[in-house]
Each structure stands twice: as C-alpha cells, then as structure tokens.
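Have a look at the model first, then follow the steps.

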Amino acid sequence: MLKIWGRKDGSNVIKVTWCLGEIGVDYERIDWGGVFGGNDDPTYRAKNPNGRLPTLEEDDGFTLWESGAVMRYLCAEYSMGELYPQNLRARAAADKWMDWSSINLAPFNGVYLEEILQKSAAERDELRLAAAIKQAGLMYDILDAHLVDNDYMCGEKLTMADFPLGSLTDRWINWTPNRPSHPNVEAYYERLASRPAYRQHVIEVNASRWQKIQKG
Ligand SMILES: N[C@@H](CCC(=O)N[C@@H](CS)C(=O)NCC(=O)O)C(=O)O
C-alpha cells in the first residue's frame, strides 16, 4: 500500500493528506519527524536525504519527496484531467499558483510556527509577527482579487492548485491575530470547509495543534 512518512500536523504533510483524502485512495501514514523523531535515521535518509517530511513510498520501493512533486505525482496518477489538469495552459496555471503559494504565501506560516507556537507571549517578537502578517496580507490581496471570478484557484472545480494555498489559508484564517478582511478569501475558505477531506485533514488537524498550544 502507498505510504506517506510524516506527522499529520506538518504543513507540508497536510497538503498531501488532504490531496489523498480528495482522491480517495487508501494509504498508510507513518508518524515521523517532530516529536516522533526519525529524521536522521539512515534508512529514512536513504528515502529522503533531506531528513524532512513528507516522503511518499510505494510497494516497489519508489520514493518521492518535496510535497509539490508528491501532490503533482498523485494527482497525475489518480486524477488526470480533474485534480491534474490535462490542458497544458490549465496545468501551467495550476503550477503557477502552487509555486506562488510555496514561495510567496508560505513564509507567514514559518513565522507563526516560531513566534506563536513555540514562544510565550512575553518572548514573542511582535514586530516580526506584524511584518509577516502585513506581507501575507498583500499576498491575500492578490488572492482576493483572483477569487472574485473563481470559486477555486483554477475556476469552478478544485484542482491541485488549491492544496498548498488552501491548506495554508486555514492557518491564516484561524491563527492570525487582527487578520485583515478579504471577503473572497473568506468565501473560498467556507467552500473548502464544506469539503469533508479538508475538514478532516486540514481544519481538525490544525485546530488540535492550536488547542495543544493554548493549553501550554
Ligand atoms: N520543501 C519541503 C519542505 C519539507 C519540510 O520542511 N517539512 C517539515 C514539516 S512541514 C519538516 O520536515 N520538519 C521537520 C520535522 O517536522 O521533523 C516540502 O515541501 O516537502
């Protein structure tokens, strides 16, 4: 059976488990990294020399790392013409948003993990946090404008373009102090939240991580 190595609350693991949930294929997820450790294990490093998560492994020994590559591979294998657009221009548009999300949108998440999740309020670098929110807000301005005419990132239906960006958006919506308003992004989030796979793999997992932090 298809295996995914990685703790379920890693942001790069979440994209892939949500993608698999939408596809509906059976897989086994192995808790790895974070509190579970194992990233420096030589057998794991042979699968993924970065010692990071997630890593995909198939029964014949094929392995793949980099969450973007993993999502593209899974969508092409199991959802050609749907989650993985067949038309070259539509696929390029999906690729564009996936790369944009990882490069331009994702940095706020790293700052949140360090400043909100790992530090007490007294230790927090509020200026760094405010700068990250401001920068991400500018990216959400771009998304808000795009979503005026689009239910999902590539039009009327969910595609692979939504996985990186949609999974980050749950943290943006629920973890951002004094979040600026983006009505079309909020409506997009509600559409995502109506999807069972999104609720299971993104919202519930992030909420449980957040609750643990609040309890200290
Ligand atoms: N560019 C890589 C980044 C992988 C990455 O940094 N993953 C984080 C988890 S989201 C990680 O492995 N952190 C160490 C750990 O959790 O033990 C990808 O998208 O797959």
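**Exercise 1.** Work out how much area is buried between domain 1 and domain 2.

*Solution.* Start with the total: about 1600 Å² is buried between domain 1 and domain 2, counted as the accessible area (1.4 Å probe) that two parts lose on being put together, summed over both. Then place the domains, whose bounds come from an automatic or database domain assignment: domain 1 covers 3-78 and domain 2 covers 88-215. Their centres, taken over C-alpha atoms, lie 21 Å apart.

This is a predicted model, where local features need pLDDT of at least 70 and side-chain atom pairs count only at pLDDT 80 or more, while totals for chains, interfaces and linings use all residues. Residues are numbered from 1 along each chain as its sequence is written, and side-chain values use heavy atoms, with hydrogens and water left out.

**Exercise 2.** Count the residues in contact and the salt bridges across the interface.

*Solution.* First, contact (heavy atoms within 4.5 Å) joins 16 residues of domain 1 to 22 residues of domain 2. Second, four salt bridges cross the interface, each a side-chain nitrogen of Lys or Arg within 4 Å of a carboxyl oxygen of Asp or Glu. Third, take a salt bridge as an example: Asp9 pairs with Arg209, with 3.8 Å between the closest N and O atoms.
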